[in-house]
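Dear colleague,

Please find below the structure that I am handing over to you. A short account of what was found follows it.

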Amino acid sequence: MSVVREGPVAAALVCAGAAIWLWGGPYPAARRAQSLLAGGGAVGAGPPSWRELADELRRVRGRWRPEWWAPVAAMALALLGGSVLPVVAGAAGVPLLRRLRRAHEARRAGERRADSVIALCAALAGEVRAGRQPGEALQRAARDSGGLGEAQAAVLAAARFGGDVPDALSTASKRPGADGLLGLAACWRVAVDQGAGLASGLDRLEGALRAERDQRADLRAQLAGARSTALMLAALPALGLLLGTALGADPLHVLLHTGAGLGCLVVGGVLEGVGMWWAVRIVRGAEGL
């Protein structure tokens with residue numbers, strides 16, 4: 001009788017998983033298959049080669065966002081436990097995981113932007129020592145290093161037509177990771193207003209930015225152990241479920257189909273989330289020191 005009762009649930013879960021795959025997963029591949037079946041493919045073309053299949057798999061994997069693995073894992077747990085609660089939890093976890101992924105991508109973009117600013121300072125100092133005027137030197141250095149990013153057009157226009165270059169640099173420094181442009185604006189203002197050496201100021205600015213970057217990298221390396229420990233502790237409940245299943249205790253049935261198990265699941269999930277939030281807050285606070 002249990003198989004009969006769980007049959008519709010399993011069928012509904014499989015249909016929901018297929019819908020999630022086509023909606024949030026590698027949907028361009030599905031559309032390409034539909035176009036081929038509809039006659040959009042090349043006439044007389046043979047079956048795809050292994051290299052083409054491998055390229056298609058790489059493109060699909062690139063389009064598949066990491067947060068969509070949460071519904072996939074939830075579907076597997078739902079099929080094993082015979083309940084729709086994991087599907088609901090997996091769907092609720094997609095926005096949170098997407099936010100974490102975007103925050104990580106923004107942080108990586110800020111680090112790349114900071115490296116580009118350091119390269120811009122080094123290139124600009126070299127161009128000034130070569131005897132070029134500051135405006136021309138800034139144009140060549142920005143073209144070679146790409147340190148100005150999206151604000152390159154505004155800054156170069158100010159340098160070419162006699163505009164306020166420090167103000168343009170200060171505006172560009174408001175982007176994450178571009179704080180070094182504020183120091184570049186100060187060096188430019190001092191060199192123009194007081195006649196100080198621009199190259200020497202850029203050398204000191206580059207050294208300070210490099211030292212700050214190395215300090216952040218060293219601190220991040222020191223915190224890697226704490227971050228790994230937090231992740232390992234977060235994975236212990238899953239290990240407990242695997243051990244219970246191996247011992248024949250059927251922990252998924254207890255957690256998903258009994259009142260005490262549901263209470264333990266809710267309390268444990270809340271404590272797990274609070275613990276992860278607190279650990280991430282401690283690590284982020286240490287990185288900001």
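**The tryptophan pair**

Trp277 is exposed, with a relative accessibility of 52%; here exposed means over 50% relative accessible area, buried under 20%, and partly exposed in between, using a 1.4 Å probe and protein chains only. Trp278 is partly exposed at 46%. Rings of Phe, Tyr and Trp (its six-membered ring) are paired if their centres lie within 6.5 Å, and their planes count as stacked under 30 degrees apart, edge-to-face over 60 and tilted for the rest. The count under this rule is 1 aromatic pair. The ring centres of Trp277 and Trp278 are 5.9 Å apart with planes at 50 degrees, so this pair is tilted.

**Basis of the values**

Please note that the model is predicted: local features need pLDDT of at least 70, side-chain atom pairs count only at pLDDT 80 or more, and totals for chains, interfaces and linings use all residues. Residues are numbered from 1 along each chain as its sequence is written, and side-chain values use heavy atoms, with hydrogens and water left out.

A nonpolar core is a set of buried Ala, Val, Leu, Ile, Met, Phe, Trp, Tyr and Cys residues joined through side-chain atoms within 4.5 Å. The largest one has 31 residues, of which Leu138, Leu148, Leu169, Leu181 and Leu184 touch the most other members. At least two residues of this core come from each of helix 5 (85-129), helix 6, helix 7, helix 8, helix 9 (180-194) and helix 10; helices are DSSP runs of H or I with at least four residues, numbered from the N terminus. Leaving aside residues up to four places away in sequence, the contacts of Leu181 (heavy atoms within 4.5 Å) include Val117, Leu120, Leu148 and Leu169.

Within helix 7 (residues 152-160), Val155, Leu156, Ala158 and Ala159 are buried. Viewed down the helix axis, the buried residues of helix 7 fall within an arc of 155 degrees, so they line one face; the arc is that of the directions from the axis to the C-beta atoms. Ala153, Ala154 and Arg160 are exposed on the other side of helix 7. The buried residues of helix 7 pack against helix 6 (134-145) and helix 8 (165-172).

**Cysteines and Glu206**

With a disulfide taken as a pair of cysteine sulfur atoms within 2.5 Å, the count is 0 disulfides. Cys121 is in no disulfide, and its nearest cysteine sulfur, that of Cys187, is 7.5 Å away. Cys121 is buried at 0% relative accessibility, and Cys187 is buried at 19%. Cys121 is also among the residues that Glu206 touches, together with Ile118 and Ala122, not counting residues up to four places away in sequence. Glu206 lies in helix 10 (residues 198-234) and is buried, at 14%.

**Salt bridges**

A salt bridge is a side-chain nitrogen of Lys or Arg within 4 Å of a carboxyl oxygen of Asp or Glu; the whole structure holds 12 salt bridges. One of them joins Arg101 and Glu105 (3.1 Å, N to O), which are 4 residues apart in helix 5, about one helical turn. Arg101 is buried at 15%, whereas Glu105 is partly exposed at 38%.

Another salt bridge is formed by the side chains of Glu111 and Arg220 (3.2 Å, N to O). Glu111 lies in helix 5 and Arg220 in helix 10, so this pair ties together parts 109 residues apart in sequence.

With kind regards
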